[in-house]
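Open the model in your viewer and keep the selection tool at hand. We will go from the whole chain to single residues.

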Amino acid sequence: MSEYYWDQQIEYLRNTRWLYYNDDYLEFLVQRVWKIEKAVHIMDYGCGFGYMGLKLLPLLPEGSKYTGVDKGTELIKHAKEIYEHTSYQADFIEGDIKKLQINRTYDIAMSHAFLLHMPEPKSILEKMIGSVVDGGRVICFEPHWIANMSSYVLEGVQQSSIMHLGALQKLYEQDAIRSGKDGNIGMSIPVLLSQLGVRGVECRVSDRVNFLDQHMADADKQRLVHALKEEGLGAMPGNRPDVIAQLVDRGLTLEEANQQYEAEERFAREFNENVCMTYAPNMKITSGIVAR
């Protein structure tokens, strides 16, 4: 089995990606925002098992092609198995994106929840831009964690008792300084693309609001709760001393760490299939045109 972390997370990826977008919104982006009217060839950076290809290819003009690149051996293997059962034109490249040389042949370079894991995201953006033909497009679906964490309503619970936004913002900022990996990068992508010469840059937000409704079928409630907990929402924190030590190492004071643990513990106690909850992931969707 591969030692690459994301090769171990295929089930998590399969179970949670649907939380982010409604299909009609993706159709709106393709047809009304990006105005893709002729066949295109997409390069998906950090493609995983090819999820975004599966969502976009049915919406794109006939003859469109999709190429995914990822470091994960198991992810690429799984992607090939999935696409073998479709009629889509798709290829997959296994390799380290930081080392691969990719020719300037693609109409669209895309990332989805990928750049936040890169310690030097601007260099990846440069590579993405460099793989796109003149007049082509760069599209980045990336998160803004602090907006994500503020977008909950849990029935009967004050949000401030389960979500300490100040402490979380401090953690995210300190983590980004220490590792270079920024979970809030979605809001920085427009600036980075503009600095790199991309023009017509615009940023939108994902449309989906997930609603745990007590009138839903039991199977649908179970699926939603399971997906949200896999995303880390309302999951029980680990051993208290260990978690507190980790939070302090990441930059919180001891008091803040204890408060954060208690907030996560309460969220886990309160969240189950028998409550109502709304949650909006708030993915940021940035695009622009490459003009040399």
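Start with the charges. Select the 31 positive and 41 negative ones; their mean positions lie 5 Å apart. Here Lys and Arg count as positive, Asp and Glu as negative, and His and the chain ends are not counted. Each charge is placed at NZ of Lys, CZ of Arg, CG of Asp or CD of Glu.

Before you go on, note what you are looking at. This is a predicted model, where local features need pLDDT of at least 70 and side-chain atom pairs count only at pLDDT 80 or more, while totals for chains, interfaces and linings use all residues. Residues are numbered from 1 along each chain as its sequence is written, and side-chain values use heavy atoms, without hydrogens and water.

**The whole protein**

Show the cartoon. How many helices and strands are there? The protein has 12 helices and 10 strands. Helices (H or I, at least four residues) and strands (E, at least two) are DSSP runs, numbered from the N terminus. The radius of gyration is 20 Å, close to the 19 Å that the globule rule gives for 292 residues, so the protein is as compact as a globular protein of that length. That radius is taken over C-alpha atoms, and the rule is 2.2 Å times the number of residues to the power 0.38. Along the principal axes, the C-alpha atoms fill a box of roughly 55 × 45 × 40 Å.

Switch to the surface. The accessible surface is about 14200 Å², and 48% of it belongs to carbon and sulfur atoms. Areas come from the Shrake-Rupley method with a 1.4 Å probe; for residues, only the protein chains shown count as cover. Of the 292 residues, 48% count as buried. Buried means under 20% relative accessible area, exposed over 50%, and partly exposed in between (1.4 Å probe, protein chains only).

**Helix H2**

Select residues 23-33, helix H2. Which residues are buried in H2? They are Tyr25, Leu26, Leu29, Val30 and Val33. These cover an arc of only 140° around the axis, which puts them on the same side of H2. The arc is that of the directions from the helix axis to the C-beta atoms. Now turn to the face away from the buried side: it carries exposed Asp24 and Arg32. The buried residues pack against H3, strand S5 (132-142), strand S7 (199-205) and strand S10 (284-289). Contact means heavy atoms within 4.5 Å. After H2 comes Lys35, with a positive phi near 50°.

**Helix H4**

Select residues 73-83, helix H4. Its buried residues are Leu75, Ile76, His78, Ala79, Ile82 and Tyr83. They span an arc of only 160° around the axis, which places them on the same side of H4. Their cover includes helix H1 (10-16), helix H3 (51-56), strand S2 (65-70) and strand S3 (89-94).

Go to Ala113, in the loop between strand S4 (106-112) and helix H5 (121-130). Ala113 is not a glycine, yet its phi is positive, about 50°. Ala113 is buried, at 18% relative accessible area.

Jump to Asn282, between strand S9 (277-279) and S10. Asn282 has a positive phi of about 60°, and is not a glycine. Is Asn282 buried or exposed? Asn282 is buried, with a relative accessible area of 17%.

Finish at Asp182, in the loop between helix H8 (165-179) and helix H9 (189-195). Asp182 is partly exposed, at 21%. Leaving aside neighbours within four places in sequence, Asp182 is in contact with Leu116, Ala176 and Ser188.
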